[in-house]
Amino acid sequence: MTRTILANARLILPETVTQGALVLKDGLIAAIQPGDGLPDGALDMGGDYLAPGMVELHTDNLERHLRPRPGVNWPHAGAILAHDAELAGCGITTVFDAMRVGSIPNEGTDGDYDKYARELAHELAALRARDVLRISHFLHLRAEICSQTLLAELDEFGPQDRVGIISLMDHTPGQRQFRDIGKLAQYVQGKYKLSDAEFADHVARLRALRDRFGDRHEAAAVEIAHRLGAVLASHDDTTAEHVALSAGHGVRLAEFPTTPEAAAACRDHGIMVMMGAPNLIRGGSHSGNVSAAELARAGHLDILSSDYVPAALLAGALILARIWDDLPRAMATVGANPAQAAGLADRGRIAPGLRADLMRFSLCDDLPVLRETWVRGRRV
């Protein structure tokens, strides 16, 4: 039996912030002790905040470690370990690693469309079995419905793979995230150095894939998500009609709706809305879509994702705390709410009997300084 006391902390509880101590035993939160005392043998938190470890549902960070520069493929095991350590160092204790399924052979955009998820998931599972990962990892399969190989790639996954989320991705130019073709051109041509003619060919190929595969692949991905017991997520819903279609599929989580109309429709259908913390920090969407702050002020934001900057997650939550003047509500967007959306009832809150997944942080002006992270009561 292992027992640890973390004392002299500002505890961020579901409804309030209070001075107190946590008793951790065998990987769980055993008790909450109010007050500013320092029991014998306790670890002094120095008045810092103690919050639930964060739950990250959508991050491209592992892919960034796999491809640190264009044309550079990093060894997978090393990339996974570096990604895992970075998230732990940002206070993230549970992650749903985003992996794209659905390839477009010979697309020609620097290998971004090559198949990789099945091999990577095997390597992640092997590292988990060897107990070298610091935090808890699940899979988030990003199903590119406008691709040639989606169904074959999805069929390679089974219940043993810890697939927690399957999101329906449709990046066809001219709709959803890329309604503004100019924004898409800026992104794709800047990244891949395509000429105007090459970009036009790229757009035509993606639109042809949507016409050929889109509806069939979308229906099959929904069925596979239900078979695997994965939470189904929509991506970049733009209209109320998009949201109604998502609701009909059984979607429980909307990733990055692009308009206030879509976010409001999600609320009407009981679908939780997730927005990117970088959107909050930068003051708007890099794709020209609705700002996360606007949705927060309207009461239409439930969950934050770090998206492509892990350190943004805690910083984004603190921006929400200022918008709402409510720190517990803001911290729920990175803890309790994503845990609920993913069906994880054992984490995301500070309460007796839950996992002792925790983070300690202080503030430097308005910026969070992460001090320590614990997973199942062990400092990582």
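## Helices H7 and H8

In this predicted model, helix H7 (residues 240-249) and helix H8 (residues 260-268) cross at roughly 35°, with axes that come within 8 Å. The crossing in which H7 passes H8 is right-handed.

Which residues bring the two helices together? From H7 come Ala240, Glu241 and Val243, and they meet Glu261, Ala262, Ala265 and Cys266 of H8. Sorted by class, this contact of H7 with H8 holds 5 nonpolar and 2 charged residues, with no polar ones.

## Helices H2 and H3

Now for another helix pair. The axes of H2 (residues 76-88) and H3 come within 10 Å, and their crossing angle is roughly 65°. Here, too, the handedness can be given: H2 and H3 make a right-handed crossing.

On the H2 side, the contact is made by His76, Ala77, Ile80 and Leu81. H3 answers with Glu119, Leu120, Glu123, Leu124 and Leu127. The class count for the contact of H2 with H3 is 6 nonpolar, 1 polar and 2 charged residues.

## Two domains

Let's step back to the whole chain. The protein is divided into domain 1, which takes in 1-52 + 348-379, and domain 2, which covers 54-346. Taken over C-alpha atoms, the centres of domain 1 and domain 2 are separated by 30 Å. Domain 1 puts 25 residues into the contact, and domain 2 puts in 23 residues.

## The second largest pocket

Where does the second largest pocket lie? Domain 1 and domain 2 both give residues to its lining, so the pocket lies between them. The space in this second largest pocket comes to about 240 Å³.

The lining of the pocket is made by 14 residues. Nearest the centre of the pocket lie Asp131, Leu133, Ile135, Ser136 and Val375. If you like to think in terms of secondary structure, helix H3 (117-129) and strand E8 (136-144) each supply at least two residues of this lining.

What is the make-up of the lining by class? The second largest pocket has 7 charged, 5 nonpolar and 2 polar residues around it.

Terms used. Residues are numbered from 1 along each chain as its sequence is written. This is a predicted model: local features need pLDDT of at least 70, side-chain atom pairs count only at pLDDT 80 or more; totals for chains, interfaces and linings use all residues. Side-chain values use heavy atoms; hydrogens and water are left out. On a 1 Å grid over the protein atoms alone, a cavity is a set of points where a 1.4 Å probe fits but cannot get out, and a pocket is an open set with protein on both sides within 12 Å along at least five of seven lines; lining residues have an atom within 4 Å of a point. Grid points are joined across faces, edges and corners, and a volume is the space filled by probe spheres set on the points. Helices (H or I, at least four residues) and strands (E, at least two) are DSSP runs, numbered from the N terminus. Ala, Val, Leu, Ile, Met, Phe, Trp, Tyr, Cys and Pro count as nonpolar, Asp, Glu, Lys and Arg as charged, and the others, Gly among them, as polar. Domain bounds come from an automatic or database domain assignment. Axes are lines fitted to C-alpha atoms, for helices over the stretch in contact, and angles run from 0 to 180 degrees between N-to-C directions. A crossing is left-handed if the near helix is turned anticlockwise from the far one by less than a right angle, and right-handed if clockwise. Contact means heavy atoms within 4.5 Å.
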